[in-house]
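Trainee: I have the sequence and the coordinates open. Can we go through them region by region?

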Amino acid sequence: MITAYGLRLDHAIDRMAGSYLRTVRYTSVGDFLCPRCGGFKSPAYPCCRSCHAIEQQADAKNMGDKLADRTAISIYAQEHPSSQAMKMMYGYKDEHPASPDYRRNVKAIIALALQGHGECLREAAGPIDAWAMIPSTKSSRRYGKPHPLHDILNEILKGIPEIPLQATGNRARGFNPDLFALADPWDAAKLRGHVLLVDDSWVTGGNVQSAAARLKLEGASGMQVSAYCVARVVDMAFLNSLDKSAAGKFNRSVHYTGGYCPWHRRVELPATQ
């Protein structure tokens, strides 16, 4: 259930950015949403192409059990020049963001998921024993540079041990646990119980699932990984290619939903609301 602090955050986010934020969903009337990641899929298939491919690749390596135990994503960011959510997700990373709202909103969205709905996550997996952030890969212009997401997480997850990861190659489109390594091999001793893995954007899920597998390969048997991403990046042109009316239906029916828990995937407002 959302906390009182989370409810205040939720209301603040709605006031600040509710006009353009869209809460990630996993089911739709036309069956165009992937139940794994909330991305777009053909109604003819049970999940999107990316999730299907990653699961197949993991199974082929006998690592199906190394994928994240659960995933949560807060908002959609549409790949379109007019998408305010996409501008926010790119802009908050700039050294001098074009709008001070970008970082403030991203921080509030993360705090809502990890603190406002923290009890929901603990109910599913227990207390967070350690956390890790997916680092910029070698193909990113931010590779090797400080990332504002790290500062945000340090504040929100204060007191919880961090497991720093480092990238060994370029962005993963598929499943490749060797893309990441522990920055300090001695940190493997901290990988037990419940580890939270955080990234700002989910495009194909390749980076997230590859990093989850690396953590599980390095950690203790039975360790759980909960993956959280701020935004699910989606391509409206792909949705239009599936059904010319689907994009319009998506834009009309998907909006910012107060009290929506990204872990339980349902609205959880107090009974008095």
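**A walk through the model**

Mentor: We start inside a helix. Ala108 is buried, with a relative accessible area of 10%. Keep in mind that this is a predicted model.

Trainee: Which helix holds Ala108, and which residues does Ala108 contact beyond its neighbours within four places in sequence?

Mentor: Ala108 sits in helix α4. Leaving aside neighbours within four places in sequence, the contacts of Ala108 are Leu9 and Ile13.

Trainee: How are α3 and α4 oriented to each other?

Mentor: Helix α3 covers residues 84-91 and helix α4 covers residues 100-116. Their axes come within 9 Å and cross at roughly 95°. Angles of 65 to 115 degrees count as roughly perpendicular. The two helices, α3 and α4, are therefore roughly perpendicular.

Trainee: Which residues of α4 make the contact with α3?

Mentor: From α3 come Gln84, Lys87, Met88, Met89 and Gly91. By class, the contact of α3 with α4 has 5 nonpolar, 3 polar and 1 charged residues. On the α4 side, the residues are Tyr102, Asn105, Val106 and Ile109.

Trainee: Which residue of β5 is the bridge partner of Ala130?

Mentor: Strand β2 pairs with β5, residues 194-202, in the parallel sense over 4 bridges. Trp131 stands opposite Leu196 in β5. For Ala130, the bridge partner in β5 is Val195.

Trainee: Which residues point the other way from β2 than Ala130 and Ala132?

Mentor: Ala130 and Ala132 point one way from β2. The residues on the other side are buried, as are those two alanines. They are Trp131 and Met133.

Trainee: Now the cysteines. How many disulfides does the structure hold?

Mentor: A disulfide needs two cysteine sulfurs within 2.5 Å. For Cys37, the nearest cysteine sulfur is that of Cys48, 3.7 Å away. For Cys261, the nearest is that of Cys120, 3.6 Å away. The number of disulfides is 0.

Trainee: Are Cys37 and Cys261 buried or exposed?

Mentor: Cys37 has a relative accessible area of 0%. Cys261 has a relative accessible area of 0%. Under 20% counts as buried. So Cys37 is buried, and Cys261 is buried.

Trainee: Is Asp187 buried or exposed?

Mentor: Asp187 lies in the loop between β4 (180-182) and β5. Not counting residues up to four places away in sequence, Asp187 touches Glu162, Ile163, Pro164 and Leu182. Its relative accessibility is 6%, so Asp187 counts as buried.

Trainee: How far apart in space are Ala58 and Gly30?

Mentor: Ala58 is in helix α2 and counts as buried, at 0% relative accessibility. Ala58 touches Met63, Gly64, Leu67 and Phe175, not counting residues up to four places away in sequence. Gly30 is 28 residues from Ala58 in sequence. C-alpha to C-alpha, the distance between Ala58 and Gly30 is 29 Å.

Trainee: Is Asn62 buried or exposed?

Mentor: Asn62 lies in the loop between α2 (49-60) and β1. Phi of Asn62 is near 55°, a positive value in a residue other than glycine. At 70% relative accessibility, Asn62 counts as exposed.

Trainee: What is phi of Arg265 near?

Mentor: Arg265 lies in the loop between β7 (260-261) and β8 (266-267). At 28% relative accessibility, Arg265 counts as partly exposed. Phi of Arg265 is positive, in a residue other than glycine, and is near 60°.

Terms used. Residues are numbered from 1 along each chain as its sequence is written. This is a predicted model: local features need pLDDT of at least 70, side-chain atom pairs count only at pLDDT 80 or more; totals for chains, interfaces and linings use all residues. Side-chain values use heavy atoms; hydrogens and water are left out. Two strands pair if DSSP finds at least two bridges between them. Axes are lines fitted to C-alpha atoms, for helices over the stretch in contact, and angles run from 0 to 180 degrees between N-to-C directions. Angles under 35 degrees count as roughly parallel, over 145 as roughly antiparallel, 65 to 115 as roughly perpendicular and the rest as oblique. Contact means heavy atoms within 4.5 Å. Ala, Val, Leu, Ile, Met, Phe, Trp, Tyr, Cys and Pro count as nonpolar, Asp, Glu, Lys and Arg as charged, and the others, Gly among them, as polar. Buried means under 20% relative accessible area, exposed over 50%, partly exposed in between (1.4 Å probe, protein chains only).
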